[in-house]
Amino acid sequence: MYKLREARMEDFPMISELSDNNENIHLAADEGEMGKDLFETILVQDDTRFYLVEKSGVIAAFLVFRIDLTANEFQIQKLSIVSSYENKGLDEHLYQKMEKLAKQKDVERLITTITTKNPNVHQFFSRKGWVKQNGVYVLNMNE
C-alpha cells in the first residue's frame with residue numbers, strides 16, 4: 001500500500017538517491033542538486049511543501065512546491081518518480097494533494113518549468129489543462 005506524507009529529515013538519503021538517479025523521471029524548475037542543505041532548508045520554510053509517496057518504507061516519488069500567496073500561485077519546483085513506479089498513479093496522488101491545498105488557499109494559478117523530455121510528463125500536464133506560456137507551463141485554476 002502506498003502512503004502519502006510530508007518529508008522528514010531522515011528521508012534525505014533516499015530522496016538524494018532518487019533525485020540523483022537520471023533513470024528516474026524528473027521535473028525541476030531548477031537543475032540544482034538536492035543536497036542536504038537544500039533539503040533541510042525546504043523542510044523548514046513556511047512557504048514550501050515537500051510531499052512524498054512511499055511503499056513499504058521505500059520512497060517512490062516526491063513533489064516540492066512553493067506557495068507564493070503574493071503572486072497568488074503555487075510553483076512546482078521538483079517532481080521525481082522512481083522509474084519502476086512510473087504509470088502507477090503516483091504523480092496523480094501528489095498532484096491531487098497539491099491541487100487540494102491550492103483550492104483551500106484560493107490560489108489562481110499553478111506554474112512549473114518542465115525540463116524532462118519524457119513524453120509521459122508532458123502528456124500528464126497537458127491532460128490536466130496546463131498550457132505553455134513564455135517558456136513555463138501554467139494552469140489557471142479559475143478557468
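Leaving aside its neighbours within four places in sequence, which residues is E73 in contact with? They are R66, I67, D68, V107, R109 and I111, where contact means heavy atoms within 4.5 Å. The model is predicted: local features need pLDDT of at least 70 and side-chain atom pairs pLDDT 80 or more, whereas totals for chains, interfaces and linings use all residues. Residues are numbered from 1 along each chain as its sequence is written, and side-chain values use heavy atoms, without hydrogens and water.

**Residue E73**
- E73 lies in strand β5 (residues 73-81); strands (E, at least two residues) and helices (H or I, at least four) are DSSP runs numbered from the N terminus.
- E73 is buried, at 6% relative accessible area (buried is under 20%, exposed over 50%, partly exposed in between; 1.4 Å probe, protein chains only).

**Helix α1**
- In α1 (residues 12-20), the residues F12, I15, S16, L18 and S19 are buried.
- Because these residues cover an arc of only 165 degrees around the axis, they lie on the same side of α1; the arc is that of the directions from the helix axis to the C-beta atoms.
- P13 and E17, on the other side of α1, are exposed.
- The buried residues of α1 pack against β2 (25-28), α2 (36-44), β3 (48-55), β4 (58-68) and β5.

**Strands around β8**
- β6 (residues 109-112) pairs with β8 (residues 136-140) in the antiparallel sense over four bridges; pairing requires at least two DSSP bridges between two strands.
- Y137 in β8 is the bridge partner of T112 and of K132.
- β7 (residues 131-133) runs antiparallel to β8, joined by three bridges.
- Two residues separate β7 and β8 in a hairpin, and N134 in the turn has a positive phi of about 50 degrees.
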